[in-house]
Amino acid sequence: MGLSGLEIYKLLPKTNCKKCGFPTCLAFAMALAQKKISLDKCPDVSEDAKGALESASEPPIRLITIGSGDKKLDIGNETVMFRHEEKFYHPTGIGFLIEEGSSEDEIKKTVSEIKKLQFERVGQKIEVNLIALQGRSDKDKFLCALKTIIEGIDLPLVLINEKTDALKEALEICKDKKPLIGFCTERNLKNMSDLAKTYKVPIIVMGEDLQSLESLVKNINQAGIRDLILYTGEKSLSGKLWDLTQIRRMALKKTFRPFGYPTFTISASEDLFEEASFAASYVAKYAGICILKNRAPWQVLSILTIRQNLYTDPQKPLQVEPKIYEVGKPTDKSPVLVTTNFSLTYYTVEAEVEASKKPAYVISCDSEGMSVLTAWAAEKFTAESITRALNKSGVKEKVSHNNIIIPGYVAVLSGKIEEESGWKVTVGPREASGIPTFLRALEKRWKQRSVK
Ligand code: SF4
């Protein structure tokens with residue numbers, strides 16, 4: 001949280017000497033608060049005030065980058081507790097744990113399964129971000145596992161090993177990939193700090209409770225290390241949510257610097273449903289990273305979906321371009337369906353048309369990204385707007401009939417649309433799930449009509 005002009009003013013010399021080019025210290029403070037000038041324009045500011053002002057100008061939760069290149073992951077730099085207050089900026093990194101004891105074949109299989117965990121949802125590609133390798137006692141196995149992972153996949157890495165000699169050798173192998181390393185505890189603080197400094201990599205700091213975490217972070221900060229991720233170890237769901245919420249609240253509401261970093265979580269349970277629901281809770285409640293032990297595609301898709309929903313801008317619904325879309329290979333005799341341009345609505349309709357195996361045209365009308373009923377209630381999906389969309393889409397040149405299908409929820413618009421547009425309206429099903437049955441029945445009706 002930045003300081004106000006008055007708060008900055010209290011830290012200035014208050015001599016109104018004008019050396020900064022401003023008539024008073026207060027004017028300078030106001031300009032500084034609005035980030036119009038930099039602090040170094042005042043030559044007389046004390047070192048203490050400088051420290052306070054510089055740290056106040058940092059974001060409340062530091063932005064941390066893991067990895068390098070196209071796949072690098074940015075987390076942190078969040079500004080609100082609840083997404084409706086503004087938005088969440090940097091989606092939780094989702095990754096998978098690989099243990100050093102796994103055989104080479106097992107690791108290769110795991111890596112190839114992880115590669116397939118990419119999905120398309122409402123027109124966006126959603127995918128996983130990280131691989132975490134955990135070492136325990138066998139350095140050689142840890143390093144072999146690392147090499148197999150690097151050969152198989154290009155994702156940012158988390159290297160977990162409390163033995164810093166093993167981590168050092170691992171960093172020599174993959175230092176260019178800028179992995180995240182951990183866990184830094186009381187026991188290995190000095191060696192871990194040295195590694196983070198030497199290899200310029202971020203580090204996971206682990207304290208069993210918030211007090212020990214705070215003191216560890218302060219010690220690491222004193223060693224000059226600022227790229228940190230916070231972890232409070234394995235806990236019950238409620239314990240973990242408590243920690244995550246307190247850390248976020250202290251960082252944002254109290255500008256408490258030791259907690260001004262993203263957080264790390266591991267969701268682990270033999271029960272896959274439980275593991276997925278824990279992970280979903282961590283994503284919803286501020287985890288910067290969430291590592292899973294299992295990787296069933298349905299688990300991962302549900303977690304990625306929750307993440308996608310949380311990290312969209314609540315003020316801007318996901319929209320598709322308002323235009324005519326072809327589903328399958330439609331001809332001049334294919335049906336024409338009309339819907340809104342809310343992504344979820346459009347893609348649901350598109351998926352159902354595809355499932356029907358009946359090629360069709362789908363016209364998405366500009367409804368400012370609202371779903372059918374909401375847009376109708378807000379007068380964004382009206383006879384006039386549908387007519388405009390039909391005219392603009394060029395559908396007249398594509399089909400040799402003049403029939404359109406509108407969603408069942410807006411059957412009330414039928415007469416007015418026919419009047420305004422000259423197209424004949426057929427009322428479709430209320431729910432998109434009814435589209436396949438509807439299109440098959442419609443095709444039969446049209447065939448019978450043409451035979452007569
Ligand atoms: Fe105040 Fe510093 Fe500007 Fe002088 S140079 S007026 S002390 S802010």
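Helix H4 (residues 104–115) has twelve residues, which at 1.5 Å a residue should span 16 Å, and its end C-alpha atoms are 17 Å apart, in agreement. The expected span is 1.5 Å times one less than the number of residues, and helices (H or I, at least four residues) and strands (E, at least two) are DSSP runs numbered from the N terminus. This is a predicted model, where local features need pLDDT of at least 70 and side-chain atom pairs count only at pLDDT 80 or more, while totals for chains, interfaces and linings use all residues. Residues are numbered from 1 along each chain as its sequence is written, and side-chain values use heavy atoms, with hydrogens and water left out.

**Helix H4**
- Ile107, Thr110, Val111 and Ile114 are buried (under 20% relative accessible area, with exposed over 50% and partly exposed in between; 1.4 Å probe, protein chains only).
- Seen down the axis of H4, these buried residues fall within an arc of 100° and so line one face of the helix; the arc is that of the directions from the helix axis to the C-beta atoms.
- On the other side of H4, Asp105 and Lys109 are exposed.
- Strand S3 (93–99), strand S6 (130–134) and helix H5 (139–152) are what the buried residues of H4 pack against, with contact meaning heavy atoms within 4.5 Å.

**Phenylalanine 438**
- Helix H16 (residues 435–451) holds phenylalanine 438, which counts as buried because its relative accessibility is 14%.
- Beyond its neighbours within four places in sequence, phenylalanine 438 is in contact with Ile405, Thr426, Val427, Gly428 and Pro429.
- Serine 356 is 82 residues away along the chain, yet its C-alpha atom and that of phenylalanine 438 are separated by 9.0 Å.
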